[in-house]
Amino acid sequence: MLKPSIALGTAGLLLVLTACSGSGTPDASKEAGGTPAQHEKKEPITLYFYNVGDNFNPEGYFEEKFGKTIKEKFPHITPVLIPTTTGALDKQIATNQSIDVIFGSVGLVYNSIFLNEMQYDIEPLVKKYRTDLSRFEPQALEMIRQMSGGKLYALPFDTAASVIYYNKNLFDKFGVPYPKDGMTWDELYNMSVKLTRNEGGVQYYGFTISPNHYFLRNQMSLNFVDPQTLQVSLTNDNVKSLMDNIARFYQIPGFNPDKAKMDSLTKMFFKDQVSAMWTPVAGLHVEDALAPLNWDIVSYPKMNGFGPQPYPVFMFLNVASKYKDDAYQVMDFLSSETFLTEKAKAATFIPSLNSANISKVFGQDAPLYKGRNVAAIPLKDMAKPSPQSKYYSAATAQLTNALRGILYESKDVNTALRDAEEAVKKTIEADKKK
């Protein structure tokens, strides 16, 4: 999903289920769920949509990407977006704002949808409308199952790519060959060493990365906080290896990291153009950000044979929705291959689907990607999701703090990880006392 560093981050919408939507249809005169055919007149209703992230906010975005198609496919439905600028979910609840469908990325839903107890088990509706769950990318489906405690609170919608953007001009400037798909972390590090230098009083950097997303989507699928026992594990050798791998990029001679640079990584790549390679490990960037650059992309390095974990955006049905069946049917179509293939062609979203066709058609209608290495975008060989709990994001945030401690406070890795582990334990204990 194209938006500044979001994920790929976010979504599309539509129609009542038909045979071409990916749901079984035993009777052509009926919709996929066995309900009366769509041509039967239904009472007009309004469905309200909310995205926990802010990537639906730009004026006209929701109507263009979702609203038009929803109204075409569901003539009785008027879709309305509630922008996040009107307030977070707790404020929407306090003002009695109706909400039917909520979009949320895996990194945000615990502290928004789950915190406000808005999740609803859609398993009965999956059966009623004969949704074929095998169409979804299996790791993303496993992730929401984990988050739902074995139930099913949401459908996967889209997912975040993991790619490395690179500035061709900087590679040309320093005579370094362009990166290629399939690089190892060590190859990426060696390339970064060659590109980290001071030229004409300007400090250049080989490779920068969003640390929090690096830990969130760690390729070892590490169990930072056990969902059952709440045991915190941030001081073992695997976590240390994960930390050492990212820290070394910021410890290359000449890098001289400081807090301002760590907090301005996108600016270093896009505006200042002093970073040769950048990956948010969260999403794709839009045309406005990329326009000043002579850029291309390559795939994210694998670790132990795996790419990063999925970072999906899910569609949740609000427990308080007055129109659960209608809302679910819209969700079902929005996550269908019929709808999402068109969005993939336009490079609007990266569908969270188990479909070889997506990689074949991705970006074919998007001028932004003409001549680019689009084969690097659809995710392949994703690592299994780490065991999910409400404290998983808290653990990754503390790992990012640990990295800062290593870089800015000269902490050794063992001390930094021990401090991070204690901080997560304190968070868990504080919650128990509430």
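1. Some ground rules. This is a predicted model, in which local features need pLDDT of at least 70 and side-chain atom pairs count only at pLDDT 80 or more, while totals for chains, interfaces and linings use all residues. Residues are numbered from 1 along each chain as its sequence is written, and side-chain values use heavy atoms, with hydrogens and water left out.

2. The core. The largest nonpolar core contains 133 residues. Such a core is a set of buried Ala, Val, Leu, Ile, Met, Phe, Trp, Tyr and Cys residues joined through side-chain atoms within 4.5 Å; buried means under 20% relative accessible area, exposed over 50%, and partly exposed in between, with a 1.4 Å probe and protein chains only. Phe-224, Met-243, Met-277 and Phe-316 have the most contacts inside this core.

3. Met-243 up close. Once neighbours within four places in sequence are set aside, Met-243 is in contact (heavy atoms within 4.5 Å) with Phe-215, Leu-399, Ala-402, Leu-403, Ile-406, Val-413 and Leu-417.

4. Where do helix 9 and helix 17 touch? Their axes (lines fitted to C-alpha atoms, for helices over the stretch in contact, with angles from 0 to 180 degrees between N-to-C directions) come within 11 Å and cross at roughly 115 degrees. Helix 9 (residues 237–250) brings Val-239, Lys-240, Met-243 and Asp-244 to the contact, and helix 17 (residues 413–432) brings Val-413, Asn-414 and Leu-417. Helices (H or I, at least four residues) and strands (E, at least two) are DSSP runs, numbered from the N terminus.

5. Five strands make an open sheet in the order 2-1-3-10-4, with mixed pairing; two strands pair if DSSP finds at least two bridges between them. Strand 2 (77–82) and strand 4 (154–159) are at the edges with a single partner strand each, so one side of each has no neighbour in the sheet. On average, neighbouring strands are turned by 25 degrees against each other, direction ignored.

6. Inside and across the sheet. Strand 1 (residues 45–51) and strand 3 (residues 101–105) run parallel and are joined by 3 bridges. Tyr-50 stands opposite Ile-102 in strand 3. Helix 13 (residues 324–334) lies across strands 1, 2, 3, 4 and 10, running at about 160 degrees to strand 10 (312–317).

7. Arg-130 is not a glycine, yet has a positive phi of about 55 degrees; it sits in the loop between helix 4 (123–128) and helix 5 (138–147). Gln-273, also not a glycine, has a positive phi of about 55 degrees, and lies in the loop between helix 11 (265–270) and strand 8 (275–279).
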